[in-house]
Amino acid sequence: MADITLTGDVRTEFGKGAARRMRVANLIPATIYAGGEEPSFLQLPAKETTLALRHTNALFELKFGNETKTAVVKDVQRNPVKRTVEHVDFYEVKAGEKIVVNVPVFAEGTPKGAAVAFVDIQEMSIKADVANLPERIVVSVEGLMDGDKVLVKDVVLPEGTELAMDDLEEPVVTVSVPEGDGEEAAEGADAAAEAPAAE
């Protein structure tokens, strides 16, 4: 079942002039690709589409003309200055199909001492059923210490998904103490911890 439904119209005009007129009318031009088949062209309501694109790897039900297609976002073109959405490419999918998607990585938890978690891989490639595409991958760094690393092979994936990456030894998150103030803070913390014991 689709996560988001968008209703638009068949697009019959093409080119920069047509795209400009659509944007003035608060419409976004879009294309749906489907394997080796001919793509479908449509125009979608700007406000609803922009809000929907905030959801990573959402499954869309697109209604236009007499057609309804289920698709995922393939690419989004934005205005380089205003960052408004100018065009969306979708990829049509079928129920039960598994596809590879890029899922953003987030670190969660607090490392020990002055150590800080750095996300080395911003997105991981994951293969999942189109009905169960994850929006994020959360890596726990709770209690990790300076020098610790979480490798690709160590990441706990969302249920029903599998890894689609070759280098299993690549670090996803690295925990380290920042240079400068971080090291001084760590030394100060160690001195403070030792003081009561000396008394």
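**View 1. Arg-23 on helix H1 of the predicted model.** Arg-23 is partly exposed, with a relative accessible area of 33%. The model is predicted. Arg-23 belongs to helix H1. Arg-23 and Glu-86 are separated by 63 residues in sequence. Their C-alpha atoms lie 7.6 Å apart in space.

View 2. Helix H1 spans residues 16-24. Its buried residues are Ala-18, Ala-19 and Met-22. Seen down the helix axis, these buried residues fall within an arc of 100°, so they line one face of H1. The other side of H1 carries Lys-16, Arg-20 and Val-24. These three residues are exposed.

**View 3. A salt-bridge network of four residues.** Glu-67, Lys-69, Glu-92 and Lys-94 are linked in a network of salt bridges. Glu-92 takes part in the two pairs described here. Is Glu-92 buried or exposed? Glu-92 counts as buried because its relative accessibility is 12%, below the 20% cut-off. Lys-69 is buried as well.

**View 4. The salt bridge of Glu-61 and Lys-63.** Glu-61 forms a salt bridge with Lys-63. The closest N and O atoms are 3.9 Å apart. Glu-61 has 24% relative accessibility and so counts as partly exposed. Lys-63 is also partly exposed, at 35% relative accessibility. How many salt bridges does the model hold? The count comes to six.

**View 5. A negative surface patch.** Four residues form this patch: Asp-120, Asp-166, Asp-167 and Glu-170. The patch is negative. One of its members, Asp-167, lies in the loop between strand E12 (161-163) and strand E13 (171-176). Asp-167 counts as partly exposed because its relative accessibility is 41%.

**View 6. Leu-163 and Ile-126.** Leu-163 is found in strand E12. Leu-163 is partly exposed, with a relative accessible area of 26%. Which separations describe Leu-163 and Ile-126? Along the chain, Leu-163 and Ile-126 are 37 residues apart. Between their C-alpha atoms, the separation is 4.9 Å.

View 7. Asn-57 lies in the loop between helix H2 (46-52) and strand E4 (60-64). Its phi is near 55°, a positive value in a residue other than glycine. Most residues other than glycine have a negative phi. Asn-57 is buried, with a relative accessible area of 19%. His-55 is placed in the loop between H2 and E4. His-55 is partly exposed, with a relative accessible area of 40%. His-55 and Asp-3 are 52 residues apart along the chain. Their C-alpha atoms are separated by 9.4 Å.

**View 8. Arg-83 in the loop between E5 and E6.** Where does Arg-83 lie? Arg-83 is in the loop between strands E5 and E6. Its phi is positive, about 65°, although Arg-83 is not a glycine.

View 9. Ala-46 belongs to helix H2. Ala-46 counts as buried because its relative accessibility is 18%, under the 20% cut-off. Ala-46 and Asn-26 are 20 residues apart along the chain. The separation of their C-alpha atoms is 5.2 Å.

How values were computed:
Residues numbered from 1 in each chain as written. Predicted model: local features only at pLDDT ≥ 70, side-chain atom pairs only at ≥ 80, totals over all residues. Heavy atoms only, no water. Patch = residues over 30% accessible without salt bridge, like charges linked within 9 Å, V, L, I, M, F, W, Y side chains within 5 Å. Areas by Shrake-Rupley, 256 points an atom, 1.4 Å probe, with all protein chains shown as cover. Salt bridge = Lys/Arg side-chain N within 4 Å of Asp/Glu carboxyl O. Lys, Arg positive; Asp, Glu negative; His and termini not counted. Charge placed at Lys NZ, Arg CZ, Asp CG, Glu CD. Helix = DSSP H or I, 4+ residues; strand = E, 2+ residues; numbered from the N terminus. Buried < 20%, exposed > 50% of the residue type's maximum accessible area, 1.4 Å probe, protein only. Arc of directions from axis to C-beta.
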